[in-house]
Structure formats: structure tokens, C-alpha cells
Amino acid sequence: MQLPAVEQWGVLSRFRMDFYECLYTRADVLFELTDALLCTDGPVKTLVDLSLAAEHRRGHGAMYAALDRGWLEPARLRRALAALPIPRLGDGRIALAVDVSHWLRPDAPTSDDRLFCHVYGRGRSADQLIPGWPYSFVAALETGRTSWTALLDAVRLGPADDATAVTADQLREVTGRLIEAGHWQSGDPDILLVMDAGYDVTRLAHLLSDLPVELIGRLRSDRVMLRDAGEPRSTPKGGRPRKHGTAFTFAKPESWHEPDATTCTETTRYGKAEAKAWDRMHQRLQKRGPWLDHEGEIPITHGTLVRLKVDHLPGEREAKPLWLWSSATDIDTVHLDRIWRTFLRRVDLEHTFRLLKGPLGWTAPHFRAPDTADLWTWLVIVAHTQLRLARPLAADLRRPWERPLPPAKLTPARVRRGFRNIRVKVLTPARVPKHSRPGPGRPPGSKNRNPAPRHDVGKTVKREPTLQAHLAARG
């Protein structure tokens with residue numbers, strides 16, 4: 001439900017005040033830097049250009065000093081983001097998408113905590129591994145075709161981090177903050193967590209089984225799932241009863257059995273969409289990889305396997321079948337359609353990444369310290385959040401060659417064009433700068449005699465591939 005205009009102005013002003021209170025050091029400079037990020041024309045390419053904006057009343061030296069020595073409290077800002085109105089699906093459910101976006105730093109040997117980031121190429125076998133900082137983002141999705149998402153959290157993955165464990169902790173904390181803020185109450189439908197291939201969705205479903213969430217993840221087309229073993233049978237020779245049933249191979253249709261639910265829907269972008277669901281399918285897990293430290297017997301995590309086949313992709317391109325796995329069981333046809341429609345909405349997070357890296361210039365600065373990169377990342381998230389809150393308040397300042405759009409359909413780039421007019425009507429807690437003189441700087445002709453240290457790229461903690469090697473390493 002859309003709020004009245006007076007309340008929308010109040011929500012934006014309160015969030016700006018909450019953001020200012022999260023800045024513990026160099027608050028005025030960082031706040032004005034975020035306003036300059038929102039009010040400048042065109043994409044942000046360099047930081048020094050932001051110091052020339054009228055909203056940034058300090059000099060460029062104060063801006064660089066604030067980014068180097070400023071302090072923002074992430075825990076307090078995360079609570080402020082969770083307390084805001086968040087978008088929901090058409091049936092009122094909350095859908096969260098999690099994905100990793102890379103801040104590539106290939107020519108920064110003095111930057112610490114860099115990892116090899118997988119970057120897709122334009123052709124086959126053109127993928128590359130480039131050093132950079134990977135960030136895991138969590139955002140709430142809207143219903144329908146849109147380029148808007150509500151960013152709720154961001155965590156930088158370090159060399160010693162287990163990506164699955166970090167993602168599980170991140171999703172647990174985000175879900176807890178949403179429940180604490182009152183967005184989910186007892187009796188409401190489960191929160192949908194959507195993720196692309198590359199995530200260990202079975203492991204995440206086990207780690208988050210105590211939360212009111214349902215995980216939806218994409219599986220590779222060469223995977224194999226298993227059916228239930230069925231009723232235990234006694235044999236003349238005895239022996240241990242079967243733990244797994246027969247195999248369900250994605251690439252072999254002859255191994256499939258009759259689906260438990262089937263739907264066929266006509267869509268405007270993909271033609272006919274046919275979805276088939278097989279209930280109570282699970283993955284074979286072994287005592288290796290992330291399950292090396294698991295105590296006791298490895299659990300069996302049941303879920304629903306979904307195969308989606310559409311006629312074509314946008315642009316009349318050929319579409320391959322899409323395999324999904326949901327941690328929910330005993331689903332009906334209505335929820336089957338909800339699963340694949342929600343997964344398709346995950347693409348909206350890719351539009352958000354393009355906005356962050358393009359107009360908002362998230363990866364434009366060349367910071368040396370990863371802590372400075374974390375601070376700048378939170379400033380960009382705050383800027384994106386203010387654009388989302390100002391969406392119903394902005395006028396359509398379109399270019400002559402652009403089509404007019406209703407207020408509910410404005411893109412983030414169009415809202416940013418008119419944010420300067422919105423800023424003058426909301427609270428701005430930053431104080432007026434005091435008169436000062438620039439420092440002397442480094443004496444002319446002097447050289448830097450303290451070179452920055454070089455750092456290696458990659459993982460610093462490696463896990464043993466087998467149980468025997470893991471036990472031997474533990475002693």
C-alpha cells in the first residue's frame with residue numbers, strides 16, 4: 001500500500017537523520033558526500049568531481065580525509081534499513097535475493113584481502129579470474145517487471161571466509177532484523193530466499209532450517225537428485241536398510257518419473273511457460289567439503305525439484321530448461337507458479353548492480369584499504385535507498401527522446417535527476433563548514449620513503465578435500 005505524500009516526505013527525512021546518527025566520525029563531510037553523489041549530473045567517474053557539487057560545501061581534502069578516517073556504524077545502519085517500508089510480492093510475501101558482485105582491483109598489489117573473482121566473458125571459454133573484492137548483497141524484491149530493489153545488507157568476503165557460512169549468517173541476521181522490525185509475524189507465509197547457481201542451497205537450507213524461510217535456488221543441468229528410499233524392506237541376508245532411492249538425472253528424461261504438479265502459463269515475454277515439480281527430492285551428501293566438521297550422521301534435506309521450460313527468451317532467443325530446487329515440500333500448483341516467478345524476479349538485483357557501478361560509481365574510486373571500500377559501499381547503499389524512498393516524490397525530468405512515465409514507473413536514473421529538487425524539502429542535519437586553511441602538504445621535492453607493503457591474492461585458509469586429510473591436519 002502506497003503511503004500518503006506527507007508520510008513519504010517524513011520517511012525520507014527520518015532516514016536521513018538515522019543515517020547521520022550512524023556517522024560517528026567526519027559525519028558532516030560523509031553526509032554531504034552522499035548528497036553530492038545523489039545530486040550530481042551524469043555517472044560518477046571520479047571522487048574529486050563530487051567535491052565540486054554545490055551540495056558538498058567542503059573541499060576535496062576534507063572529502064579524502066573523511067573517507068580515510070571516517071567511521072560509520074554498520075550495525076546501526078542495518079537496523080535503520082530493515083525498519084524502512086520494504087517491497088513485497090503480489091500476495092504480500094517477502095522475497096529476498098542474495099548475490100555476489102565484484103569490485104575488481106587487478107592493478108592494486110598494495111590492497112589487502114583481495115580474492116580471485118570469476119568474471120564471465122562474451123564467448124565460450126572466455127571466463128577469467130581477476131583479483132578484486134567480492135561483496136555479498138541481500139535485497140528485497142518487488143512484484144512485476146522493475147529495476148528497483150531494496151538493499152538491506154552488504155558483506156565483503158575475505159580470504160579466510162567460507163562463502164556458504166558467511167551467506168548463512170548474513171541471511172539469518174537480515175531475517176532476524178526484518179522480524180524484529182515487525183515486517184514478519186507469526187502466522188505469515190515464509191520469507192522466500194532466492195539465489196542463483198553457485199550457492200550450496202542444500203547446505204543453506206540445513207543451516208537455516210529453524211527460520212521461517214523457504215530457499216529457492218537454481219541447479220546446474222548436469223546434476224543428479226535422489227528419490228526417497230521408500231518403506232524399509234527386509235531381505236534374507238539382512239543388512240542396513242537403504243538410505244536413498246533411485247537417481248533422478250537431469251540430462252536423462254528416461255530416469256524421470258511422473259511429476260507431482262504441473263502448470264502451463266502464457267506469458268508476454270517468454271511465450272508458454274511449462275513448469276513441472278517433483279516432491280521430496282534430495283541430494284546425496286558425503287563427509288567432505290563443508291560437511292567435514294558435521295557431527296553425527298549427515299542429514300537428508302528434502303525439497304521440491306522444479307523444471308521450467310519456456311518457448312523463447314526476449315529477442316526470440318532459444319531457451320534451455322531451467323532447473324530449480326525449493327526447500328518446501330507438498331506444494332500445490334499455485335505455489336509452483338510462485339516459485340519460478342519469484343526466481344525470475346531475481347534478475348532485478350542485476351539491474352541494481354548496474355546502477356551501483358554505473359551512475360552511482362560504486363567501483364569507480366581506487367581505494368587502497370578494504371575498510372575504506374566498505375565505508376564507500378555503505379554510502380552508495382544509502383544513496384540508493386534514498387532514491388527508492390524519493391521514488392513517489394520525484395518528477396519525470398525526461399530527455400526529449402524519452403517516453404513519459406507515470407510516477408510509479410520511474411527508473412532510478414530518472415529519480416536521481418530530480419533529487420536535487422527533493423533535497424531542499426527534506427531535513428539536512430549536516431552543519432555549515434567552518435573557515436579553515438589548507439595544510440602545507442608534502443614539501444616540494446621530497447619523496448615517499450615509506451612504500452606500502454604488497455599483498456598476495458587468494459585464499460589464506462584452505463580446507464582439506466577428504467576426511468582422512470582433514471582429521472590428520474587436526475591431529
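Reader: I would like to learn how to read a contact between side chains. Which residue does lysine 243 meet in a salt bridge?

Author: Lysine 243 meets glutamate 297 in a salt bridge, at 3.3 Å from N to O. The term stands for a side-chain nitrogen of Lys or Arg within 4 Å of a carboxyl oxygen of Asp or Glu. Lysine 243 sits in the loop between strands S9 (224-226) and S10 (247-249), and glutamate 297 in the loop between strands S12 (271-281) and S13 (303-310), so the pair ties together parts 54 residues apart in sequence. Helices (H or I, at least four residues) and strands (E, at least two) are DSSP runs, numbered from the N terminus.

Reader: What should I know about the model and its numbering?

Author: This is a predicted model, where local features need pLDDT of at least 70 and side-chain atom pairs count only at pLDDT 80 or more, while totals for chains, interfaces and linings use all residues. Residues are numbered from 1 along each chain as its sequence is written, and side-chain values use heavy atoms, leaving out hydrogens and water.

Reader: Is glutamate 297 buried or exposed?

Author: Buried means under 20% relative accessible area, exposed over 50%, and partly exposed in between (1.4 Å probe, protein chains only). Glutamate 297 counts as exposed, at 54%, and lysine 243 is partly exposed, at 32%.

Reader: How many salt bridges does the structure hold?

Author: There are 27 salt bridges in the structure. One of them joins aspartate 374 to arginine 156, with the closest N and O atoms 2.9 Å apart. Aspartate 374 belongs to helix H10 and arginine 156 to strand S6, 218 residues apart. Both aspartate 374 and arginine 156 are buried.

Reader: How do I check the length of a helix such as H10?

Author: Take 1.5 Å times one less than the number of residues as the expected span. H10 (residues 370-389) has 20 residues and reaches 29 Å from its first C-alpha to its last, close to the expected 28 Å. H10 is also mostly covered, with 19 of its 20 residues buried.
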